[in-house]
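Please look through the sequence and the model below before reading on. The report that follows takes up a few parts of the chain in turn.

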Amino acid sequence: MKLLLVEDHQDIAGVIFDFFELKGYTLDYASNGQHGFELGSSDHYDLIILDVMLPKIDGFQVCQKLRERGIDTPILMLTARDTREDTLEGFSHGADDYLVKPFDLDILEARIKALTRRRMGETALAQLSFGEMTLDLSSHTVERGNCSFALNPTLFTILKLLMIKAPKVVSKQELIAALWGDNEPEGNVLRSHIYQLRHQIDKPFKRAYIKNVPKVGYQLVDEDEL
């Protein structure tokens with residue numbers, strides 16, 4: 001899981017980094033709101049931990065600007081401001097959860113896990129659907145029409161992200177981060193995987209779902225939108 005931590009207090013940031021890195025998480029860090037917004041809007045994260053009191057741009061504005069940009073990554077806000085009005089303000093700017101300092105790190109991790117499970121559809125959904133296509137999240141199989149395909153882990157990850165975000169565009173950077181994190185292989189390997197996925201789920205049918213958005217990424221588009 002890849003997290004973005006936006007926190008100007010170095011000691012708190014260090015404690016959070018140590019705790020989550022020991023548990024196998026990958027973290028990026030920003031010490032001010034402007035840098036946090038730039039990272040949050042340009043890279044793929046499973047969740048953003050966002051402090052409220054930040055230099056340059058406060059956490060409320062960062063959250064609002066990310067939502068206005070169309071970024072729907074779960075955001076958990078951290079703050080020492082514990083009034084009812086502060087909590088409501090956080091939610092009104094697009095936050096998904098709100099944790100008051102000081103907090104227990106195990107509780108923070110539990111909140112993160114709950115938010116990401118909901119984000120990926122793992123709490124209530126066993127399947128994802130788009131048009132006449134269904135993806136089984138447990139068996140990694142796709143059904144379209146009368147055909148059924150078993151996907152390898154890479155193709156499953158790509159299709160799952162495309163279906164979760166559909167009909168929005170999934171950037172190449174998001175796909176690369178979901179597949180390889182910071183260890184992207186050399187060459188245009190992503191294009192090869194997209195070709196394989198198209199060969200399985202689009203080629204046997206009259207219309208294609210996977211659309212290339214030049215210089216941006218890919219999206220799923222139903223017939224009426226092609």
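Which residue takes a positive phi in the hairpin of strand 7 and strand 8? In this predicted model, His 140 does so, with a phi near 60 degrees, in a hairpin that has 4 residues between its strands. A second hairpin, formed by strand 8 and strand 9, has 2 residues between the strands, and there Gly 145 takes a positive phi near 65 degrees. The two pairings are set out here.

| Strand pair | Sense and bridges | Residues between the strands |
|---|---|---|
| Strand 7 and strand 8 | antiparallel, 4 bridges | 4 residues |
| Strand 8 and strand 9 | antiparallel, 4 bridges | 2 residues |

Within these pairs, Met 133 has Arg 144 of strand 8 as its bridge partner, while Glu 143 stands opposite Ser 148 in strand 9. In a regular strand the side chains alternate between the two faces of the sheet. Strand 8 has a covered face with Val 142 and Arg 144, and an uncovered face with Thr 141 and Glu 143.

Met 133 also belongs to the largest nonpolar core, which has 29 residues, and is among the members that touch the most others, together with Leu 159, Leu 197 and Leu 220. Helix 6 gives the largest share of this core, 8 residues. Leu 159 has contacts that include Met 133, Val 142, Leu 197 and Leu 220. A second, separate core of 20 residues includes Leu 4, Tyr 45, Leu 54 and Ile 57.

Finally, the unreviewed UniProt entry lists Asp 51 as a modified residue, 4-aspartylphosphate. Asp 51 lies in strand 3, and its relative accessible area is 3%, so it counts as buried; its contacts include Asp 8, Thr 79 and Lys 101.

Key:
Residues are numbered from 1 along each chain as its sequence is written. This is a predicted model: local features need pLDDT of at least 70, side-chain atom pairs count only at pLDDT 80 or more; totals for chains, interfaces and linings use all residues. Side-chain values use heavy atoms; hydrogens and water are left out. A nonpolar core is a set of buried Ala, Val, Leu, Ile, Met, Phe, Trp, Tyr and Cys residues joined through side-chain atoms within 4.5 Å. Buried means under 20% relative accessible area, exposed over 50%, partly exposed in between (1.4 Å probe, protein chains only). Contact means heavy atoms within 4.5 Å. UniProt positions are given in the numbering used here, feature names are shortened, and annotations may be inferred rather than shown by experiment. Two strands pair if DSSP finds at least two bridges between them. Lists of a residue's contacts leave out its neighbours within four places in sequence.
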